[in-house]
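Hello,

Here is the structure we talked about. My notes on it follow below.

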Amino acid sequence: MSRQLSLRQFFARNQVLVRGRLWPRLIVATVVCLMAVSLVPAQEPGSDDKPAVAKDQPATEPQVRDRDKLLAEHQRLLNEENKLTSEQKYAEANKTSPQREAVLLELAKLPDLKKSVNEDRCDLLQRRASRQFLNGAITEAVKTSEQLSQFTEHDFGAKHWRTASARFAQDGSRKLAATDEPTRNRMRELEQQALAASLKGDYRDAITKIDENKVLYGQVLGVEHPFCANGFADIAGWCLLARDYERATQEWQSAMSIYRKAYGDEHPAVLACHDG
């Protein structure tokens, strides 16, 4: 599979993910990064700083049965979490998060699953931090982002792209916590309104809300912070769904410029639409 897609091809292939975007600036791996994972070569950037490990033994039949049962439970919890989040019931969604994490820890004990489980745990922590922010629990969001940063550095290595993303997320959450409460509340409100509009298919309204919010993010975090680039990326996706391809290209190029400065050329956010 080519590592490069045109902008329109990229979003056409991933339209469901764009339409289902649930996670705002506090997410480390934005929808863009999540969609980009499939484009990363087998040898991921930054993966060479971790020592090689011996390949696990194949799973036994009892382990396969346990695995299938745990995977089904994980999917059930994830579906419940997504449903509650789409309904903006953030506190309730976060109650399922520890249960899902416990299932992942059990899955990590089984052969051949550690890498994928670690990736799922990154996703879980990203979603948890995002919901905490949207629910006004900024102190908890900072703690979760710090946990994510420590986890990625330990399990993926200091040079891995997930670790780089996590560091910026930690920095962003701390700066959000330090800003004045009225500004932070307005940012949360705009996030929630944009999400609600996008889920209804009103992409123009969602774009208007994020246009305002990316200005606030620039003031709080600095205009070259990756969280600000996420706003451009959100708008690019919604412009494509609204068939405004010219603006989508402009917004995506703005996002890529910021991602490159923050992460370098080999980060999945850059590779995803390198020729977009």
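Helices (H or I, at least four residues) and strands (E, at least two) are DSSP runs, numbered from the N terminus.

First, the basis. This is a predicted model: local features need pLDDT of at least 70, side-chain atom pairs count only at pLDDT 80 or more, and totals for chains, interfaces and linings use all residues. Residues are numbered from 1 along each chain as its sequence is written, and side-chain values use heavy atoms, with hydrogens and water left out.

**Overall**

The protein chain has 13 helices and 0 strands. Of its 276 residues, 51% count as buried (buried means under 20% relative accessible area, exposed over 50%, partly exposed in between; 1.4 Å probe, protein chains only). Take contacts in the protein chain between residues at least 6 apart in sequence: 72% of them join residues at least 24 apart. Contact means heavy atoms within 4.5 Å.

**H11 and H12**

Helix H11 (residues 226-241) packs on helix H12 (residues 245-263) at about 155 degrees, with the axes 8 Å apart. H11 is therefore roughly antiparallel to H12 (under 35 degrees counts as roughly parallel, over 145 as roughly antiparallel, 65 to 115 as roughly perpendicular, the rest as oblique). Axes are lines fitted to C-alpha atoms, for helices over the stretch in contact, and angles run from 0 to 180 degrees between N-to-C directions. The crossing of H11 and H12 is left-handed (the near helix is turned anticlockwise from the far one by less than a right angle; clockwise would be right-handed).

H11 contributes residues including Phe232, Ile235 and Leu240 to the contact, and H12 residues including Trp252, Ile258 and Tyr259. By class, the contact of H11 with H12 has 16 nonpolar, 2 polar and 2 charged residues. Ala, Val, Leu, Ile, Met, Phe, Trp, Tyr, Cys and Pro count as nonpolar, Asp, Glu, Lys and Arg as charged, and the others, Gly among them, as polar.

H11 is largely enclosed by the rest of the structure, because 16 of its 16 residues are buried. In H12, the buried residues include Glu251, Trp252 and Met256. Just after H12, Gly264 has a positive phi of about 95 degrees.

**H9 and H10**

Helix H9 (residues 181-199) and helix H10 (residues 203-221) also pack at about 155 degrees, axes 8 Å apart. H9 and H10 are therefore roughly antiparallel. Their crossing is left-handed. Among the contact residues are Arg186, Met187 and Glu191 of H9, and Lys209, Ile210 and Glu212 of H10. The contact of H9 with H10 has 10 nonpolar, 4 polar and 5 charged residues.

**H6**

H6 is mostly covered, with 17 of its 21 residues buried. Gly136 follows H6, and its phi is positive, near 85 degrees.

**Positive phi in the loops**

Most residues other than glycine have a negative phi. Gln88 has a positive phi near 60 degrees and is not glycine. Gln88 lies in the loop between helix H4 (61-86) and helix H5 (90-107). At a relative accessible area of 29%, Gln88 is partly exposed. Arg243, also a residue other than glycine, sits in the loop between H11 and H12. At 65% relative accessibility, Arg243 counts as exposed.

Best wishes
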